[in-house]
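Subject: A structure to look through

Dear colleague,

I am handing over a structure that I would like you to read through slowly, with the sequence beside it. My notes on what was found in it follow below.

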Amino acid sequence: MNLPVLHSYLIGDGVVAFTTTRQGGVSEGNYATFNINHYCGDDEKAISINRSALCNLLHITDEQLVYPHQTHQTEVRAITPSFYELTNDERNSFLEGVDVVMTDLPGVCIGVSTADCIPVLLYDEAHHAMAAVHAGWRGTVARIVVKTVRKMEEIYHTHPQQLRAVIGPGISLRNFEVGDEVYNAFREADFPMDKIAQHYPVSVSIEDRKTSDDLMRWHLDLPECNRLQLIDCGLEKEQIQLSDICSYDRCDEYFSARRLGINSGRIFTGILLKE
């Protein structure tokens, strides 16, 4: 098997930060070829092989690779030494319904799984603390990134001026068409709609347009929504890296649920402080 192909980020000395691509694993079909997510329908044997390959590449053991079962909420879990005193079932329960994981333990790779949603990595270089955030539209409108930064302040005494952030691959403004209910959710949450929303022609053929050739739909810019949240928390724009990779446009390299369906693989965006 080929090694997993990673898209890497420079976020701090002694830190490995990355997003997996679709290349390098043994999964098949809409999961081909590299998927480590247990909750999207892939074959468990393939997941295990892929997971082992990633751990080998990162020079960590299987138990040092930690990621949650995400449910589009804003629950945060900190991985501490006590996590490793739990049984496997207790660890799984601890990570159930969680969309943010954080730790200051060296040698532990934390991460989140996405396929059009926005992954965000945070690293506090002063306190050697890190977080991985799954920001779909529901998490974004609930300001999950703001909650994460505040939690890092509480647990690790993080100062926003000391953070470095990565906004990883996800769906772009041009491809993220939404209904009025999603647009209104952001508007009612006081997001700056002039900065994050645009009208685009509806993505159906002319023959399917019943009333007008210029029918429009709202599109939202999820990466920008999360960037603005980081700035609201006190980060400067120079502290924030944008991958500028659209998973929808580049579904041959990165999984896209809108292109492939929900029964498809997930990319994994992770961060690891070397021991």
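To begin with the aromatic residues, the charged end of Arg77 sits over the ring of Phe94, 5.3 Å from its centre, where "over a ring" is said of a charge if NZ of Lys or CZ of Arg is within 6 Å of the ring centre and within 35 degrees of the ring normal. Arg91, in turn, lies over the face of Phe83, at 5.5 Å from the ring centre.

Before going further, please keep in mind that this is a predicted model, in which local features need pLDDT of at least 70 and side-chain atom pairs count only at pLDDT 80 or more, while totals for chains, interfaces and linings use all residues. Residues are numbered from 1 along each chain as its sequence is written, and side-chain values use heavy atoms, with hydrogens and water left out.

A search of the whole structure finds seven aromatic pairs; rings of Phe, Tyr and Trp (its six-membered ring) pair if their centres lie within 6.5 Å, and planes under 30 degrees apart count as stacked, over 60 as edge-to-face and the rest as tilted. One of the pairs, Phe18 with Phe268, is tilted, at 6.0 Å centre to centre and with 50° between the planes. Because Phe18 lies in strand β2 (residues 15–20) and Phe268 in strand β14 (residues 267–273), this pair ties together parts that are 250 residues apart in sequence; helices (H or I, at least four residues) and strands (E, at least two) are DSSP runs, numbered from the N terminus. Phe18 is buried at 0% relative accessibility, and Phe268 is buried as well, with a relative accessible area of 1%, where buried means under 20%, exposed over 50% and partly exposed in between (1.4 Å probe, protein chains only).

Phe83 and Phe94, the residues with which these notes began, also form a tilted pair, at 5.8 Å centre to centre and with 55° between the planes. Phe83 belongs to the loop between β4 (76–79) and α2 (88–94), whereas Phe94 is in helix α2, eleven residues apart. Is each of the two buried or partly exposed? Phe83 is buried, with a relative accessible area of 4%, while Phe94 is partly exposed at 26%.

As for the strands, β9 (residues 163–167) is largely enclosed by the rest of the structure, because four of its five residues are buried. Strand β7 (residues 118–124) pairs with β9 in the antiparallel sense over five bridges, and two strands are said to pair if DSSP finds at least two bridges between them. Within this pairing, Leu121 has Val166 as its bridge partner. Three bridges join β9 to β13, and these two run parallel; here Val166 stands opposite Gln241.

Helix α7 is mostly covered, with nine of its eleven residues buried, and Asp221 caps its N-terminal end, where a side-chain oxygen lies 3.1 Å from the backbone nitrogen of Glu224. Just after α7, Gly234 takes a positive phi of about 115°. Gln239 is found in the loop between α7 (222–232) and β13 (240–242), and is buried, with a relative accessible area of 8%. The side chain of Gln239 reaches the backbone oxygen of Gln161 at 3.3 Å, a polar contact (a pair of N or O atoms within 3.5 Å; within protein, one must be able to donate a hydrogen and the other to accept it, and residues adjacent in sequence count only if both atoms are side-chain atoms). Not counting residues up to four places away in sequence, Gln239 touches several residues, including Pro160, Leu163, Arg164 and Gly234, contact meaning heavy atoms within 4.5 Å.

With best wishes
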